[in-house]
Amino acid sequence: MIIDIPEGQEPIGYVWGDMVPGIGMAAANFSLSVYEHTSLGLREFEAARLRIAQINGCLFCLDWRTERDGEKVEEEFADAVNEWRTAGDFDDRTRLAAEYAERYALDHHGLDEEFWSRMTAHYSQREIVELSMSIGSWLAFGRLNHVLGLDAVCVLPGH
């Protein structure tokens with residue numbers, strides 16, 4: 001980690017809250033609202049989120065599983081996301097969410113008419129905007145945490 005964390009401080013809270021409270025709290029609120037206000041299904045949400053975590057290499061994000069109403073995706077879901085092109089149990093929306101996340105992060109200039117035609121066949125415009133904002137949040141904040149080394153020192157609740 002390249003940021004010095006005072007003894008007894010929780011790394012994410014210290015960096016995001018204490019070091020840059022005006023920016024960090026706004027970022028934290030944006031990050032939390034992606035989870036609190038989503039209308040996307042759990043599998044498509046997690047497919048996009050995990051694909052970004054895989055691309056970013058954020059250890060915390062890779063270990064995290066979103067829970068809704070006591071449900072989480074199955075443990076092998078992350079491996080399937082890594083193989084989204086051939087994952088047998090993905091419906092079109094889940095596969096597209098993983099593809100969109102990957103292309104958003106690695107080839108956003110390559111999002112062509114063919115891709116958008118497939119997306120708009122399965123997602124409403126509102127859902128596309130929501131998914132885009134969610135992916136942007138995960139890409140930015142997961143990458144930030146990984147670059148600063150915060151992902152290696154954060155502990156998931158219950159671990």
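I started with H37, which counts as exposed at 56% relative accessibility. I note here that the model is predicted. H37 sits in the loop that links α2 and α3. E130 is 93 residues away from H37 in sequence, yet the two C-alpha atoms are separated by 9.4 Å.

**Entry: α2 against α8**

Next I took the pair α2 and α8. Helix α2 covers residues 21–36 and helix α8 covers residues 125–147. Their axes lie 10 Å apart, at an angle of about 135°. The two helices are therefore oblique to each other. I looked up the hand as well: α2 passes α8 in a left-handed crossing. From α2, the contact uses A27, F30, S31, V34 and Y35. From α8, M133, S134, S137, W138 and F141 take part. I sorted these residues by class and got seven nonpolar, three polar and no charged.

**Entry: α7 against α8**

I stayed with α8 and turned to α7. Here the angle is about 115° and the axes are 8 Å apart. That makes α7 roughly perpendicular to α8, since 65 to 115 degrees counts as such. The crossing of α7 past α8 is right-handed. On the α7 side I listed W116, M119, T120 and H122. On the α8 side I listed E127, I128 and L131. By class, this contact holds four nonpolar, two polar and one charged residues.

**Entry: α1 against α2**

I went back to the start of the chain. Helix α1, residues 11–19, packs on α2 with axes 5 Å apart and an angle of about 120°. α1 and α2 are therefore oblique to each other. W16, G17, D18 and M19 of α1 meet P21, G24, M25, A27 and A28 of α2. I counted six nonpolar, two polar and one charged among the residues of this contact.

**Entry: the cores**

Which residues have the most contacts inside the largest nonpolar core? I found M119, Y123, L131 and I135, in a core of 31 residues. Helices α3 (42–56), α5 (77–82), α6 (92–106), α7 (113–122) and α8 each supply at least two residues of this core. In soluble globular proteins, nonpolar side chains tend to be buried together.

I took a second look at Y123. Setting aside residues up to four places away in sequence, Y123 touches L40, E44, R93, T94, L96, A97, I128 and L131. A second, separate core has nine residues, among them Y14, A27, L148 and L150.

Is E99 buried or exposed? E99 is buried, because its relative accessible area is 8% and the cut-off is under 20%. I placed E99 in helix α6. Neighbours within four places in sequence aside, E99 is in contact with W84, F115 and R118.

D69 lies in the loop between α4 (59–63) and α5. D69 counts as exposed, at 82% relative accessibility. I also checked the backbone of D69. Its phi is near 50°, a positive value in a residue other than glycine.

Note on methods: Residues are numbered from 1 along each chain as its sequence is written. This is a predicted model: local features need pLDDT of at least 70, side-chain atom pairs count only at pLDDT 80 or more; totals for chains, interfaces and linings use all residues. Side-chain values use heavy atoms; hydrogens and water are left out. Axes are lines fitted to C-alpha atoms, for helices over the stretch in contact, and angles run from 0 to 180 degrees between N-to-C directions. Helices (H or I, at least four residues) and strands (E, at least two) are DSSP runs, numbered from the N terminus. Angles under 35 degrees count as roughly parallel, over 145 as roughly antiparallel, 65 to 115 as roughly perpendicular and the rest as oblique. A crossing is left-handed if the near helix is turned anticlockwise from the far one by less than a right angle, and right-handed if clockwise. Contact means heavy atoms within 4.5 Å. Ala, Val, Leu, Ile, Met, Phe, Trp, Tyr, Cys and Pro count as nonpolar, Asp, Glu, Lys and Arg as charged, and the others, Gly among them, as polar. A nonpolar core is a set of buried Ala, Val, Leu, Ile, Met, Phe, Trp, Tyr and Cys residues joined through side-chain atoms within 4.5 Å. Buried means under 20% relative accessible area, exposed over 50%, partly exposed in between (1.4 Å probe, protein chains only).
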